[in-house]
Amino acid sequence: MTELRKVHWRKRAGELGAAAAAGGAPVTYGLIALCCAVFLLSPLSGFSPVPGGADALLAAQAGYFERWGVIPSELMDGSAHAALTPLTALFVHGSWLHLLGNMLFLHVFGAMAEERMGRTEFTFFYVVCGYFALVAYAVVHSGSDQTLVGASGAISAVLGAFLCLFPRARVTSLFPFLFFLPLRFPAWIVLVFWFALQWLAAQGAGSGPGVAYLAHVAGFSGGFLYAWVRFRGTRVKAPATATEGESQP
């Protein structure tokens with residue numbers, strides 16, 4: 001029975017990877033397209049002219065973040081608008097680098113996770129875990145007036161689910177301390193290393209401007225827990241089709 005189970009999941013892993021590579025992950029690619037479209041239409045991209053010079057542009061950008069991003073102190077006040085901002089903030093990014101880094105990781109790890117979960121469940125998973133990650137950060141930093149935006153919490157949840165579902169899938173990663181050489185490692189090594197970095201960074205991070213590492217930790221933990229409970233006993237234990245990515249979103 002054990003050997004037949006291994007063969008079955010080895011075949012299933014290959015099917016999932018092939019389907020994802022063939023474009024069978026419309027939710028993942030739709031999320032990428034939506035995030036890119038939102039950014040291009042925002043005052044952050046440089047493609048939407050703002051009359052009035054540099055000061056007007058900065059004011060427009062600040063207003064954009066305040067309208068669509070999460071402000072922890074306001075979220076804790078319980079207003080209807082603030083309660084919606086963890087949803088809108090998932091599609092708002094602060095810079096080209098922020099956008100491209102997140103979308104790269106969503107592309108690399110989202111497609112196979114979507115194939116495994118199914119389109120409807122993956123959509124639900126992405127939105128709920130992303131919302132949870134942003135709220136978790138806001139609860140811990142409830143007095144902060146700094147705006148929080150980005151899909152990092154939701155994408156961290158995807159990484160956590162990927163680790164649970166495909167622990168032995170091999171990923172091509174670029175590690176700065178190894179001179180950015182492209183090296184292939186099992187997903188569990190890359191993602192556990194990534195999570196450890198986020199955890200350590202979260203310990204020293206405050207509530208001011210910067211990377212919301214705590215949202216990454218919360219999202220990753222929520223995603224892993226969801227996949228573990230939902231798909232316990234049906235993880236792909238054989239090496240899955242290789243995917244590519246970097247070590248840091």
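**Surface and cavity**

Author: Leu-100 is found in helix α6, which covers residues 96-117. Please bear in mind that this is a predicted model.

Reader: Is Leu-100 buried or exposed?

Author: A residue is called exposed when its relative accessible area is over 50%. Leu-100 counts as exposed because its relative accessibility is 51%.

Reader: How much of the chain counts as buried?

Author: The chain has 249 residues, and 44% of them count as buried. Its secondary structure comprises 10 helices and three strands. Along the sequence, these elements follow the pattern α-α-α-α-α-α-α-α-β-β-α-α-β.

Reader: How does one find empty space inside a model?

Author: Rolling a probe the size of a water molecule over the atoms shows where empty space is left. In this structure there is one cavity of 30 Å³ or more. The largest cavity holds about 30 Å³ of space.

Reader: Which residues line the largest cavity?

Author: The lining consists of Glu-66, Gly-69, Val-70, Ile-71, Glu-74, Leu-75, His-81, Ala-82 and Thr-85. By class, four of the lining residues are nonpolar, three are polar and two are charged.

Reader: Which helices supply at least two residues each of this lining?

Author: They are α4 (72-77) and α5 (80-88). The largest share, three residues, comes from α5.

Terms used. Residues are numbered from 1 along each chain as its sequence is written. This is a predicted model: local features need pLDDT of at least 70, side-chain atom pairs count only at pLDDT 80 or more; totals for chains, interfaces and linings use all residues. Side-chain values use heavy atoms; hydrogens and water are left out. On a 1 Å grid over the protein atoms alone, a cavity is a set of points where a 1.4 Å probe fits but cannot get out, and a pocket is an open set with protein on both sides within 12 Å along at least five of seven lines; lining residues have an atom within 4 Å of a point. Grid points are joined across faces, edges and corners, and a volume is the space filled by probe spheres set on the points. Helices (H or I, at least four residues) and strands (E, at least two) are DSSP runs, numbered from the N terminus. Ala, Val, Leu, Ile, Met, Phe, Trp, Tyr, Cys and Pro count as nonpolar, Asp, Glu, Lys and Arg as charged, and the others, Gly among them, as polar. Buried means under 20% relative accessible area, exposed over 50%, partly exposed in between (1.4 Å probe, protein chains only).
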